[in-house]
Amino acid sequence: MNLQPEKDELCVIIGAGPAGLTAAHELARLGMRSVVLEKDSLVGGISRTINHRGYRCDVGGHRFFTKVRVVRELWEEIMGDDFLVRPRLSRIYYKNRFFDYPLRIRNTLKGLGLVESFLMGWSYIRARLFPEHEERTFEQWVSNRFGRRLFGTFFKSYTEKVWGMSCSEISADWARQRIKNLDFMAAARNALFGAKTHGNKLVTSLIDQFHYPRLGSGMMWERLQARLAEKHIETKLNQQVIRVHHTGGRVTAVTARDGQGRETRVDGEHFIASMPLRDLIRAMDPPPPPDVVDAADSLHYRDFITVMLVVDAPEVFQDNWVYVHSPEVKVGRIQNFKNWSPEMVPDPSKTSLGLEYFAQEGDELWTMSDDDLIDLARSECVRLGFATAENVMDGAVVRMPKAYPVYDSNHRESVDAIRNWIGTLKNLHPVGRNGQHRYNNMDHSMASAMCAARVIHGAEIDIWDVGVDEAYLEEPETVGDVEREAMITDEVIRDTFARYDAPAMGTALGLMAAIVLFLMSMTLILKGGDPIGPTLMLLSNYLPGYRMTLVGVAIGALQAGGWAFLFGFLLARAINLVVGMIEGLLLRRIEIVRTMVDGD
Ligand SMILES: Cc1cc2nc3c(=O)[nH]c(=O)nc-3n(C[C@H](O)[C@H](O)[C@H](O)COP(=O)(O)OP(=O)(O)OC[C@H]3O[C@@H](n4cnc5c(N)ncnc54)[C@H](O)[C@@H]3O)c2cc1C
């Protein structure tokens with residue numbers, strides 16, 4: 001079999017997910033040729049859509065949302081009129097109750113009851129005044145921002161289902177990346193006033209709506225594959241890259257194996273890899289130094305199973321998806337695909353639900369037969385009240401290995417070690433989610449892929465540093481400037497609203513109070529005569545043991561220092577709280593204006 005296109009300067013792309021296909025598209029735009037090798041029999045990677053007897057199912061629903069203009073433009077260009085704008089509704093199911101998500105005050109109070117709500121508010125105030133200094137774990141990070149009680153109710157059980165480990169073992173990095181701009185005040189503001197802060201704009205564009213292809217997220221990637229084929233850029237399916245050959249600091253070729261075990265070597269000039277970083281390192285021929293192999297072997301993943309059930313009912317619940325926090329069932333989230341797009345079901349009198357289970361390749365759930373998984377999903381669906389045993393008509397199972405790159409305590413060092421070694425190979429560019437071991441969304445995968453294509457074309461960008469908030473992909477004189485300006489504005493605001501260092505303020509006031517009292521008292525002692533003036537006499541009522549003797553003065557000064565420390569510490573915390581609120585409001589207003597300017 002010959003996979004080799006005629007032209008010499010060829011870029012070989014590993015993986016036909018969002019990153020791989022976007023890389024091929026961008027290379028074509030830049031006038032360069034590529035071939036895409038995909039190990040599966042369909043494109044889209046984790047963002048694929050499967051079709052079971054006309055019922056379509058994503059691997060988790062995929063919202064299309066991005067701040068990166070070029071990514072949005074590509075989606076719009078490819079999807080045209082098939083890019084729907086859909087309303088978003090999602091709730092949390094916990095202790096047999098539904099809670100609106102994002103939280104809304106009346107609904108939350110009703111669900112939790114007054115006592116629990118009060119305790120939650122108190123736990124928040126305590127966390128803000130006395131946060132844990134160390135923020136190494138997910139539990140510490142979230143508790144510091146939301147309070148322990150809210151963490152226990154709305155974060156702990158779902159997060160532990162997703163990751164299969166305790167929140168105290170999950171790195172704070174994950175929370176930082178996923179929950180970065182949200183805090184309790186923002187949640188409370190939203191809960192109290194809703195997100196409708198400027199006409200209707202913010203509500204409709206940022207919170208309550210999203211874009212979605214008419215036939216599921218995979219439609220985007222199938223269309224892009226077809227578009228590439230029109231330009232004679234082939235996506236070779238069922239071609240798993242098993243070896244990456246390199247010599248003299250350059251990758252020269254890859255070997256791919258098809259479903260029948262036949263191997264093919266594909267030579268190229270440039271290589272873009274969206275396959276998992278661990279697999280990439282293991283495929284290197286010759287192997288990298290042992291410490292790099294060890295680093296790759298220490299990377300972990302979480303695997304994902306969707307069980308689609310077809311229910312004989314026109315409507316089961318109104319949400320696009322429901323988070324199931326209840327610890328008594330294994331299911332973590334339930335998608336209602338019909339509410340993503342009505343055309344995800346062929347018959348409007350039926351509903352298809354996607355029950356999502358988080359697993360580890362080889363564990364009890366992962367190795368269950370499809371029939372057993374469907375039985376489990378059916379029984380949990382009945383238990384939660386979403387179906388009866390009789391009205392579940394059909395089911396299908398989708399297993400997605402390596403759906404989540406795990407952020408454990410050593411992932412960062414491991415990725416750095418691998419990144420350094422890969423940096424020695426000038427023509428290999430890892431991109432995308434598992435390609436860079438980043439818990440990302442489609443837009444980041446696409447942005448990193450576009451940047452890799454531009455690097456191959458001569459641009460100087462460090463693709464590992466590409467984010468979705470930065471303006472890497474903007475043309476200098478257009479939106480890029482606006483975004484850069486926006487970033488600078490944010491920085492200026494953050495500097496203007498700099499926070500007090502509470503321990504420093506406490507220590508300064510404490511020391512000052514202790515020294516002043518000590519010096520005043522010593523002056524009186526040295527002056528002699530009637531040593532205790534009326535003011536100082538009063539003080540001894542508040543500072544037990546304060547006397548006009550050397551020991552008494554020391555005791556008084558220590559106590560005055562302690563009280564002043566506490567006062568300064570609390571004052572700083574209170575000021576920070578108010579300043580934080582004002583800064584948050586200001587940033588939010590700016591964001592609204594930006595959103596309107598951007599036309600989103
Ligand atoms: C449950 C869930 C819900 C999500 N929801 C959203 C959402 O709402 N919005 C959003 O934007 N993002 C969402 N994401 C994230 C999104 O799925 C990913 O960001 C995106 O799919 C990553 O694209 P990628 O191309 O980098 O990687 P992938 O999608 O993993 O694609 C990599 C491709 O490489 C192939 N491959 C792997 N190894 C080899 C090999 N050796 N040889 C050849 N091919 C190989 C794979 O088969 C795959 O097709 C979600 C993810 C999950 C798990």
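Is H232 buried or exposed? In this predicted model, H232 has 9 other C-beta atoms within 10 Å and is therefore exposed. The residue is found in the loop between α10 (218–230) and β9 (235–236), and its phi is near 65°, a positive value in a residue other than glycine. R53 also has a positive phi, of about 50°, although it is not a glycine. The place of R53 is in the loop between β3 (49–52) and β4 (55–58), where R53 counts as exposed because it has 8 C-beta neighbours inside 10 Å. Another backbone feature of a loop is the cis peptide bond that joins D285 and P286, with omega about 0°; P286 itself lies in the loop between β14 (284–285) and α12 (290–297).

These local features belong to a chain of 600 residues, of which buried residues make up 39%. The chain has 19 helices and 20 strands.

A straight helix of 16 residues would span 22 Å at 1.5 Å a residue, whereas α6 spans only 19 Å between its end C-alpha atoms. A kink of about 45°, centred on F155, is found in this helix. After the helix comes G164, whose phi is positive, near 65°.

Which residues of α6 are buried? They are R149, L150, F151, T153, F154, K156, Y158, T159, K161 and W163.

L112 lies in helix α3 (residues 105–112), and it counts as buried because it has 21 C-beta neighbours inside 10 Å, where the threshold is 20 or more. Leaving aside its neighbours within four places in sequence, L112 is in contact with S117 and M120.

Which residues come nearest to the ligand? Of the 35 residues around it, these are G15, G17, G45, G60 and G432. The elements that give two or more residues to this shell are the helices α1 (18–29) and α15 (442–456), together with the strands β10 (240–247) and β19 (392–405). By class, the shell has 13 nonpolar, 15 polar and seven charged residues. In terms of domains, the shell draws at least three residues from each of domain 1 (10–46 + 62–83 + 214–298 + 410–465) and domain 3 (301–405).

Methods. Residues are numbered from 1 along each chain as its sequence is written. This is a predicted model: local features need pLDDT of at least 70, side-chain atom pairs count only at pLDDT 80 or more; totals for chains, interfaces and linings use all residues. Helices (H or I, at least four residues) and strands (E, at least two) are DSSP runs, numbered from the N terminus. The expected span of a helix is 1.5 Å times one less than its number of residues. The bend at a residue is the angle between axes fitted to the seven residues ending there and the seven starting there. A residue is buried if 20 or more other C-beta atoms lie within 10 Å of its own, exposed if 12 or fewer, and partly exposed in between; C-beta atoms are placed from the backbone. A residue is near a molecule or strand if its C-beta atom, placed from the backbone, lies within 6 Å of it. Ala, Val, Leu, Ile, Met, Phe, Trp, Tyr, Cys and Pro count as nonpolar, Asp, Glu, Lys and Arg as charged, and the others, Gly among them, as polar. Domain bounds come from an automatic or database domain assignment. Two residues are in contact if their C-beta atoms, placed from the backbone, lie within 7 Å.
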